[in-house]
Amino acid sequence: MMNRFIRRIQRFKGWFGAISAMCIFYGLYLGLLDSPPDYYQGEVVRIMYVHVPLAHTALLAYMTLFIGSLWYLWKRDPLVDNMCQAAAGITVAFTTLALITGAIWAKPTWNTWWTWDPKLVSFAVLLLIVSGYLMLRTFVEDPDKVGRYAAVLAIVGGIDLPIIYFSAEWWRTLHQPLSISMRGVSMTGDILLPLSIMSLGFNLLFIYMLMIRTQMLYLTNLLEAKKGRLLSQIHLSQSTS
């Protein structure tokens, strides 16, 4: 079953990469060149066409890690553990880029690179949680324990997801409330279209990266397992000769 899944990854990963690249290039054209400046933020709004999709994709990556961890604790499938490890690494990348682009946007808008805004703090906490997840995987050497411990940490860390998403609604601070909610859509079409295309492009990029990284981890672990069995056989033959 695992080999069949890996073969499917190899067959479709190129499509995700190609469509992702087309969406990102078209979204950048719309956001940076074609759309008008915002009436309030001016040209600074163009940073949002990169920052917001990065932040949304970071949450999607951690949600994948969260669901995958639940799945792993239920099925104990090593391929799912590989997927979780891959999702954690990608979450670190997208979260870091989202924090950096957010700081670049905040400086001209709020006149500061950083403030103790609940959304910013909870997003930084997400980076700490995922970094701790990856560090845990390096500290625990037992392959049976590392998957379980890491999955439990990822599930507990999932508490941060609703705090990030709803923090601007719960605590009315600097961050504006959700632009798309049960109240409706509070942005114009010329902003919504580039944001949607960029978000689709980054989401597909995440899936593409997840496929590549999961496949690499699976093949690496498979190679190490075969190497270990081969060394054991050599040691056994030397002992009996």
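# Why these labels?

User: What makes Asp81 count as buried?

Analyst: Asp81 has a relative accessibility of 9%. Buried means under 20% relative accessible area, exposed over 50%, and partly exposed anything in between (1.4 Å probe, protein chains only). So 9% puts Asp81 in the buried class. Bear in mind that this is a predicted model, where local features need pLDDT of at least 70 and side-chain atom pairs pLDDT 80 or more, while totals for chains, interfaces and linings use all residues. Numbering runs from 1 along each chain as its sequence is written, and side-chain values use heavy atoms, with hydrogens and water left out.

User: Why do Asp81 and Arg137 get called a salt bridge?

Analyst: The term asks for a side-chain nitrogen of Lys or Arg within 4 Å of a carboxyl oxygen of Asp or Glu. Here the N to O distance is 2.7 Å, so the pair qualifies. Asp81 sits in helix H3 and Arg137 in helix H4, so the bridge ties together parts 56 residues apart in sequence. Arg137 is buried too, at 12% relative accessible area.

User: How many salt bridges does the rule give?

Analyst: Two. Arg46 also pairs with Glu43, with closest N and O atoms 2.6 Å apart. Arg46 comes out at 13% relative accessibility, so Arg46 is buried as well. In general, side chains of opposite charge can pair when their charged atoms come close.

User: What counts as a helix or a strand, and how many are in the chain?

Analyst: They're DSSP runs numbered from the N terminus: helices are H or I with at least four residues, strands are E with at least two. That gives seven helices and two strands, in the order α-α-α-α-α-α-β-β-α.

User: How do you know what length to expect of H5?

Analyst: The expected span is 1.5 Å times one less than the number of residues. With 15 residues, H5 should span 21 Å, and its end C-alpha atoms are 21 Å apart, so the two agree.

User: Which residues of H5 are buried, and why say they line one face?

Analyst: Val146, Gly147, Ala150, Ala151, Ala154 and Gly157 are the buried ones. Seen down the axis of H5, they fall within an arc of 130 degrees, so they line one face. The arc is taken over the directions from the helix axis to the C-beta atoms. An α-helix has 3.6 residues a turn, so residues three or four places apart point the same way. The face turned away from the buried side of H5 carries the exposed residues Asp144 and Val156.

User: What do the buried residues of H5 pack against?

Analyst: H2, H3, H4 and H6, going by contacts (heavy atoms within 4.5 Å). H6, residues 160-170, has its own buried set, among them Leu161, Ile164 and Ala168. Their cover includes H2, H4 and H5.

User: What makes Leu97, Ile100, Ile104, Trp113, Trp114 and Trp116 a patch?

Analyst: Patch residues have over 30% relative accessible area and no salt bridge; like charges are joined within 9 Å, nonpolar side chains (Val, Leu, Ile, Met, Phe, Trp, Tyr) within 5 Å. These six form a nonpolar surface patch with about 700 Å² of accessible area together, computed by the Shrake-Rupley method with a 1.4 Å probe, where for residues only the protein chains shown count as cover. Trp113, in the loop between H3 and H4, has a relative accessible area of 52%, so Trp113 is exposed.
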